[in-house]
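Please keep the sequence and the three-dimensional view at hand while reading.

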Amino acid sequence: MNTVKTVRELRAAVARARSEGKRIGFVPTMGNLHSGHVALITKATQRVDFVVASIFVNPLQFGAGEDLDKYPRTLAADQEKLLEAGCDLLFAPTVEEMYPGGMTGQTRVSVPQLSEGLCGASRPGHFEGVATVVSKLFNMVQPDLAIFGQKDFQQLAVIRALVHDLNMPIQIIGEPTVRAADGLALSSRNGFLDADQRAVAPVVYRTLSEIAEAIKQGERDYPALIRAKLQQLEAAGLRPDYLEIRHGLSLRPATPEDRDLVILVAAFLGTTRLIDNLHLNLDTPA
């Protein structure tokens, strides 16, 4: 596996692979890789001939007071994981390489509607930062397909929309969330949890599962269901940011008639913000 730090080197390496008739797959990350990231790389190796990963902690998607400065940077360990998973090329640019003119005057990419509400409400500008950096990375790599985890469900919806709306010839694949044995969705931010908080954290997924089961059993009073489960999260020691039932494709608030649903949650455990979701299609046999 080669590691490059400039766009020029990246494009040259991808061009060589294309000249050999190889299909290009891309997995963008912010590093501090875990088993969930490795699963994305593994999936990419099964679908294409040449896998590119990126590691870039994107300042544009962090708001004031968020954890940009303390976000873990573990490049050497990440390189080992990528190599073992079969990655062919790592792009690890600096902020200056990604934003040579600075970020103040940087052209921004905005995806309306899907970026609003949920994480978009509590993190203003976050999805604009995500859409902008992903658009830049897509233009730099020009992959045939790109793979993202479904844990960031709203982010995946935003990226699907921007690829569709901007006519990018890239297939977007969403991979199921990788979880610890107790159900907690794997996340780089889990490392911020102390032992007591880590023991509490699985209540997040357990709550989603209980909501899904209630809906399968015929519950359609979604506001009452959400109120009860918000109380459950608070009783466990979490501070919910949101807990919502949305339409699985449009992300609009769900109605009792909808069959394709996604239950989404964000909650603080101490200072750590955990997010998770559970996709539920009532027309799919259990």
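## Basis of the description

The structure is a predicted model, in which local features need pLDDT of at least 70 and side-chain atom pairs count only at pLDDT 80 or more, while totals for chains, interfaces and linings use all residues. Residues are numbered from 1 along each chain as its sequence is written, and side-chain values use heavy atoms, with hydrogens and water left out.

Helices (H or I, at least four residues) and strands (E, at least two) are DSSP runs numbered from the N terminus. A residue is called buried under 20% relative accessible area, exposed over 50% and partly exposed in between, with a 1.4 Å probe and protein chains only. Contact means heavy atoms within 4.5 Å.

## Helix H7, an enclosed helix

Helix H7 comprises residues 153-165, and its 13 residues reach 18 Å from the first C-alpha to the last, close to the 18 Å expected at 1.5 Å a residue; the expected span is 1.5 Å times one less than the number of residues. Ten of the 13 residues are buried, so H7 is largely enclosed by the rest of the structure. Among these buried residues are Phe153, Leu156, Val158, Ile159, Leu162 and Val163, and they also include Gln154 and Gln155.

The cover over the buried residues of H7 includes helices H5 (119-122) and H6 (126-141), together with strands S5 (145-149), S6 (171-175), S8 (260-269) and S9 (272-281). Just after H7, Asn167 adopts a positive phi of about 55°.

After H1 comes Gly21, with a positive phi near 80°.

## The contact between H1 and H6

The axes of H1 (residues 7-19) and H6 come within 9 Å and cross at roughly 50°, where axes are lines fitted to C-alpha atoms, for helices over the stretch in contact, and angles run from 0 to 180 degrees between N-to-C directions. That angle makes H1 oblique to H6, since angles under 35 degrees count as roughly parallel, over 145 as roughly antiparallel, 65 to 115 as roughly perpendicular and the rest as oblique. Val7, Leu10, Arg11 and Val14 of H1 meet Asn139, Met140 and Val141 of H6 in this contact.

## Individual residues

Asn32, in the loop between S2 and H2, has a positive phi of about 50° although it is not a glycine, and at 18% relative accessibility Asn32 counts as buried. Gln113, in the loop between H4 and H5, likewise has a positive phi, near 65°, but Gln113 is exposed, with a relative accessible area of 66%.

Gln46 lies in helix H2 (residues 35-47) and is exposed, at a relative accessible area of 55%. Gln46 and Gly86 are 40 residues apart in sequence, and their C-alpha atoms are 9.9 Å apart in space.
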